[in-house]
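Subject: Structure for you, with notes

Hello,

Here is the structure I promised to pass on. My notes follow below it.

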Amino acid sequence: ETGAIIENCASGGSRLEPSMMNLTEMSSATDAHEVYEEAVIGANLQYLIPARQSQLWCSLHPEYLPEKTRYIISIGFLGRICWAGDMLNLTNEQYSQMIKAENFYKKATDIILRGISYVYRSDEKLAFSNPEGAQIAVRYSIDLSRALIVCHTFKNFKDFSVKLKGNYKITSALFCINENASENYLNAETTNDEFIIKNCKDFDG
């Protein structure tokens, strides 16, 4: 059998209500595809609509610096990853990052499909406009055996840690690596039940 996948993306997100969500497979809640604030919006959506239905658009352009490319791609892991932007003119490195992201996304599909989300921010009064500090979104599998952690740094980043629901180790990562590796990536580590990001650039992911 074949079926249709219906996207709910009209009226600026005003149709994101239970009856329409029940009829459609995916929904686009925001047009904030070209700004840093999309990471904040995408994380907030985890509390409003199922991550498996929440379209997060990763809009890429060839002039983006590596850290901004990583930042934008990481947003897609807050929901249903979608690509946008100047697709025909991206650099080879950006195309490579997209492929790596899609392969990594497949590893986390079950957690995104059915999971439990918690969003932590270093600034509890984080503003939608010009956010500062850092954001860590943790999505656990239903049995808590695995976790998908999505990090974003904002303006004036300072080291940030969160408590996890158990002792976890980093077994696979897209952009996060430990402090002994390349300085061009976001530094992350786990210590017992704590997840830490440190020594990072502003607006990285």
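First, a term: buried means under 20% relative accessible area, exposed means over 50%, and partly exposed is in between (1.4 Å probe, protein chains only). The model is predicted, so local features need pLDDT of at least 70, side-chain atom pairs count only at pLDDT 80 or more, and totals for chains, interfaces and linings use all residues. Residues are numbered from 1 along each chain as its sequence is written, and side-chain values use heavy atoms, with hydrogens and water left out.

**Aromatic rings**

Rings of Phe, Tyr and Trp (its six-membered ring) pair if their centres lie within 6.5 Å; planes under 30 degrees apart are stacked, over 60 edge-to-face, and the rest tilted. Searching the whole structure gives seven aromatic pairs. One of them is Tyr36 with Tyr71, an edge-to-face pair at 5.0 Å centre to centre and 85° between the planes. This pair links distant parts of the chain, 35 residues apart. Tyr36 is in the loop between strand E2 (26-28) and helix H2 (38-45), and Tyr71 is in helix H3 (residues 66-75). Helices (H or I, at least four residues) and strands (E, at least two) are DSSP runs, numbered from the N terminus.

Tyr71 is buried, because its relative accessible area is 0%.

Another pair is Tyr140 with Tyr168, which is tilted: 5.9 Å centre to centre, 45° between the planes. It also links distant parts of the chain, 28 residues apart. Tyr140 is in strand E6 (residues 134-141), while Tyr168 is in the loop between strand E8 (160-163) and strand E9 (187-191). Both Tyr140 and Tyr168 are buried.

Back to Tyr36: together with Tyr71 and Phe203, Tyr36 forms one aromatic cluster. Tyr36 also has Lys68 over its face, at 5.1 Å from the ring centre. Likewise, Lys165 lies over the face of Tyr118, at 4.7 Å from the ring centre. The rule for a charge over a ring: NZ of Lys or CZ of Arg is within 6 Å of the ring centre and within 35 degrees of the ring normal.

Two strands pair if DSSP finds at least two bridges between them. Three strands form an open, antiparallel sheet in the order E8-E10-E9. E8 and E9 stand at the edges with a single partner strand each, so one side of each has no neighbour in the sheet. On average, neighbouring strands of this sheet are turned by 15° against each other, direction ignored. For such angles, axes are lines fitted to C-alpha atoms (for helices over the stretch in contact), and angles run from 0 to 180 degrees between N-to-C directions.

E9 pairs with strand E10 (residues 194-198) over five bridges. E8 pairs with E10 over four. Phe195 in E10 stands opposite Thr190, and Phe195 also stands opposite Val162. The covered face of E8 holds Phe160 and Val162, and its uncovered face holds Ser161 and Lys163.

Most residues other than glycine have a negative phi. Which residues have a positive phi although they are not glycine? Asn130 is one, at about 55°. Asn130 is in the loop between strand E5 (115-121) and E6, and is exposed at 58% relative accessible area. Leu144 is another, at about 65°. Leu144 is in the loop between E6 and strand E7 (147-153), and is partly exposed at 36%.

**Pocket and cavity**

Both come from a 1 Å grid over the protein atoms alone. A cavity is a set of points where a 1.4 Å probe fits but cannot get out; a pocket is an open set with protein on both sides within 12 Å along at least five of seven lines; lining residues have an atom within 4 Å of a point. Points are joined across faces, edges and corners, and a volume is the space filled by probe spheres set on them.

The largest pocket holds about 610 Å³. It is lined by 26 residues, and those closest to its centre are Phe104, Ala147, Leu148, Ile149 and Ser172. Helix H4 (92-113) and E7 each give two or more residues to this lining, and E7 gives the most, with five.

There is one cavity of 30 Å³ or more. Its lining includes Gln46, Phe77 and Leu148. E6 gives the most to that lining, with three residues.

Best wishes
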